[in-house]
Amino acid sequence: MDAIEMIKERRSIRKFKNEKVDRDLMKEIVSISRFAPSWGNFQVARYTLVDDPDLIRKIADEGVHGFNYNINSLRNAPGVAILSYVKGKSGRLEKIKLQPNQEHGWELFDTGIACQTFCLASHAKGIGTVIMGVINQDEIAKIIDLPSDQQVSALIAYGYEEIHPKPTRRKDVDEILRFVD
Ligand SMILES: Cc1cc2nc3c(=O)[nH]c(=O)nc-3n(C[C@H](O)[C@H](O)[C@H](O)COP(=O)(O)O)c2cc1C
């Protein structure tokens, strides 16, 4: 699949076929996601994949602040990836002391890049995804028994697409771009 076509054609998928995704395929997608760039090449992103229907239901019931939109997406998803990061690494350099404001946020930046890479790799392999930010990180960490050195960043529900939604609107390029002379 052409890279530009892949970027433009990916959609957030909230309706999935009732068909489990093979774990080997998901392993391949995570393996591709490893090629995402990261601060200092520390590769702090971690992926916990859940394909047990009872556990997905528990995440839907207890992990999204009762947000119906996400509950419904999760209830029909055959899988959910919990994206987390290893805390306290990104944003730091051994030899150079950065100001705290420069350190801030890079671990989320790293997992954001990892997240998009995972979604694009999934799309290229025929798997639909939707990123979820309306989540209760602490509750989810408990449900999946996340190691204490990690922090939950986002959920990504995944599965075979039931429908491929129409493109969502994008701002005009002149609204988001400026060149400075
Ligand atoms: C950081 C982030 C958080 C998001 N949170 C949610 C969410 O909680 N629930 C949801 O249904 N979609 C969520 N989305 C998906 C966006 O709504 C979606 O990407 C946007 O509307 C553009 O549509 P598209 O992905 O189909 O191009 C999130 C996307 C991002 C990047």
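**Exercise 1.** At what angle do helix H3 and H4 pack, and how far apart are their axes?

*Solution.* Start with the helices: helices (H or I, at least four residues) and strands (E, at least two) are DSSP runs, numbered from the N terminus. Helix H3 covers residues 53–62, and helix H4 covers 68–75. H3 and H4 pack at about 175 degrees, and their axes are 9 Å apart. H3 is therefore roughly antiparallel to H4, a label for angles over 145 degrees.

Now find the residues that meet, where contact means C-beta atoms, placed from the backbone, within 7 Å. Ile56, Arg57, Ile59 and Ala60 in H3 meet Ile71, Leu74 and Arg75 in H4. These contact residues divide into five nonpolar, no polar and two charged. Here Ala, Val, Leu, Ile, Met, Phe, Trp, Tyr, Cys and Pro count as nonpolar, Asp, Glu, Lys and Arg as charged, and the others, Gly among them, as polar.

A note before going on: this is a predicted model, in which local features need pLDDT of at least 70 and side-chain atom pairs count only at pLDDT 80 or more, while totals for chains, interfaces and linings use all residues. Residues are numbered from 1 along each chain as its sequence is written.

**Exercise 2.** Is Ala81 buried or exposed?

*Solution.* First locate Ala81 in strand S2, residues 79–86. Then count neighbours: a residue is buried if 20 or more other C-beta atoms lie within 10 Å of its own, exposed if 12 or fewer, and partly exposed in between. Ala81 has 25 within 10 Å, so Ala81 is buried. Finally, look at its partners: beyond residues up to four places away in sequence, Ala81 touches Tyr47, Leu49, Phe118, Ile156 and Tyr158. Ile156 is 75 residues from Ala81 in sequence, yet their C-alpha atoms are 5.0 Å apart.

**Exercise 3.** Which residues surround the ligand?

*Solution.* The shell holds Arg11, Ser12, Arg14, Tyr69, Asn70, Ser73, Val130, Ile131, Met132, Gly133, Val134 and Thr168. Sorted by type, the shell has five polar, five nonpolar and two charged residues. Helix H4 and strand S3 (128–132) each supply at least two of the shell residues.

**Exercise 4.** How many helices and strands does the chain have?

*Solution.* Counting gives eight helices and four strands. Read from the N terminus, their order is α-α-β-α-α-β-α-α-β-α-β-α.

Conventions
Contact = placed C-beta atoms within 7 Å. Near = placed C-beta within 6 Å. Axes fitted to C-alpha atoms, helices over the stretch in contact; angles between N-to-C directions. Parallel < 35°, antiparallel > 145°, perpendicular 65-115°, else oblique.
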